[in-house]
Amino acid sequence: MTEVSTAAPLVAPWRFFPAEVARLHRLSPSFLRVTFTGAELDTFADPGYDQRIKLVFPLPEHGFRHLPDGPDWYPRWRALPDELRNPFRTYTTRAVRREAREVDVDIVLHEAGGAFGPHGPAARWALAARPGDQIVIVGPDHAYPGDHGGREFQPALADRLLLLAGDETAVPAIAAIVERLPETARGEVLLEVPHPEDVLDLPAPPGVAVSWLPRSGAPHGSRLVPAVRAAAERLTLAGGTPPICPTGAAADDGADPDEELWEVPVGLSNGRHYVWLAGEAGVIRTLRRHLVRERGLDRESVAFMGYWRLGRADDGV
Ligand SMILES: Cc1cc2nc3c(=O)[nH]c(=O)nc-3n(C[C@H](O)[C@H](O)[C@H](O)COP(=O)(O)OP(=O)(O)OC[C@H]3O[C@@H](n4cnc5c(N)ncnc54)[C@H](O)[C@@H]3O)c2cc1C
């Protein structure tokens, strides 16, 4: 007798979406909005908030000819020689319009080069991008019924006193979070950007104060760090729980500064705050030390995410 399987077809949460540049919109000196289109983008999921994706860039000589596909693509990709391995970088979906088969990604045209070392593949690609250019997006599949993963903001905590802070690489994620907050949300948003002209339109609920902090040539974090410290003070004074550090040692950082910094709450803790911080890893590590070690903020109420590292290429996936 033929065996008939009643199991649902297996759909992976993520998959490769071939796409091309439909439009480019220079939002400001540092932000380039790239609108991608592709025949399969009508099945691209939109969990929203800080949903991350991977962009896969073509190799100058080989395009995507050697990019492996299928469930075992990762070990096969790792096994390729450097010159045949397409580079991946992590980005945020700024908007998804499934019916139009479009995905927007805001790419920072960052100031690598000179003292910061050479541009990476993402910045190089973005600086030269033209409509019609091919790319591959590794993104969440709408056909997958469960949680895709890759989103760290917890909407269930949005009724707490919020502090959302980051540098220019976190602006797309913070903007996508803020536009989904309930009208009753309360808190502060702090955004450090390279130039005064990088201040974008960011409508927020009336109880959420948005501050843009242009660096204007000052070092990374020089505006964000003092602003987060001051906001932490204000939010505590505004009725939050005073910092309590049960064991100084437990709250100590003690981490290797070369280690990746990615620390997000795993469950829904008790508490009156919810802090979401992302940006250059050294800056976020400084903020972590202040908030956790010096102020005793409960780590279960804070997401600390190193989005990139000064002087270091992000060469993994
Ligand atoms: C979850 C997540 C979401 C992200 N979302 C976005 C997003 O929506 N938009 C966005 O623009 N970025 C985003 N980033 C950051 C982005 O992945 C990095 O900036 C990435 O390193 C850029 O790749 P690259 O090829 O240009 O540079 P790399 O090859 O990684 O690095 C080359 C050199 O450039 C430097 N560099 C890298 N990024 C910057 C920068 N921003 N400013 C100055 N120097 C830099 C490095 O320190 C290194 O010296 C996100 C990162 C994560 C982890």
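# Close-up views of the predicted model

**View 1. Leucine 310 and its contacts.** Beyond its neighbours within four places in sequence, leucine 310 is in contact with His220, Glu280 and Gly282; two residues are in contact if their C-beta atoms, placed from the backbone, lie within 7 Å. The structure shown is a predicted model, in which local features need pLDDT of at least 70 and side-chain atom pairs count only at pLDDT 80 or more, while totals for chains, interfaces and linings use all residues. Residue numbers start from 1 along each chain as its sequence is written. Leucine 310 belongs to the segment after β13; helices (H or I, at least four residues) and strands (E, at least two) are DSSP runs, numbered from the N terminus. Between the C-alpha atoms of leucine 310 and glycine 282, which are 28 residues apart along the chain, the separation is 7.7 Å. Leucine 310 counts as partly exposed because it has 14 C-beta neighbours inside 10 Å. A residue is buried if 20 or more other C-beta atoms, placed from the backbone, lie within 10 Å of its own, exposed if 12 or fewer, and partly exposed in between.

**View 2. The chain as a whole.** The protein chain contains five helices and 13 strands. Of its 317 residues, 32% count as buried. Among contacts with a separation of 6 or more, 73% join residues 24 or more positions apart. The average pLDDT, the predictor's confidence in each residue from 0 to 100, is 89 for the protein chain, and 87% of the residues score at least 70. Over residues 242-252, pLDDT stays under 50, and the model has twelve contacts beyond four places in sequence for this stretch.

**View 3. The shell around the ligand.** The shell holds 27 residues, of which Val108, His110, Gly120, Ala122 and Ala123 come nearest to the ligand; a residue is near a molecule if its C-beta atom, placed from the backbone, lies within 6 Å of it. Two or more residues of the shell come from each of β4 (88-92), β6 (102-108), α2 (121-128) and β13 (302-308). The largest share, four residues, is that of β4. Domain 1 (14-140) and domain 2 (155-308) each give at least three residues to the shell, with bounds from an automatic or database domain assignment. By type, the shell comprises 13 nonpolar, seven polar and seven charged residues. Here Ala, Val, Leu, Ile, Met, Phe, Trp, Tyr, Cys and Pro count as nonpolar, Asp, Glu, Lys and Arg as charged, and the others, Gly among them, as polar.

**View 4. The largest nonpolar core.** In soluble globular proteins, nonpolar side chains tend to be buried together. A nonpolar core is a set of buried Ala, Val, Leu, Ile, Met, Phe, Trp, Tyr and Cys residues joined through C-beta atoms within 7 Å. The largest one has 45 residues, and those with the most contacts inside it are Leu163, Leu164, Ile174, Ile177, Val275, Leu277 and Ile284. At least two residues of this core are supplied by each of β8 (161-166), α3 (171-178), β9 (186-193), α4 (224-237), β12 (273-280), α5 (281-294) and β13. The largest share, seven residues, comes from α3. Another core, of 23 residues, lies apart from this one and includes Phe31, Val56, Val96 and Val103.

View 5. Eight of the eight residues of α3 are buried, so the helix is largely enclosed by the rest of the structure. The elements covering these buried residues include β4, β6, β8, β9, β10 (208-214) and β12.

**View 6. Two residues with positive phi.** Most residues other than glycine have a negative phi. Tyrosine 49, although not a glycine, has a positive phi of about 55°. Tyrosine 49 is placed in the loop between β2 (31-37) and β3 (52-56) and counts as buried, with 21 C-beta neighbours inside 10 Å. Serine 216, likewise not a glycine, has a positive phi of about 45°. Serine 216 lies in the loop between β10 and α4 and is exposed, with 11 other C-beta atoms within 10 Å.
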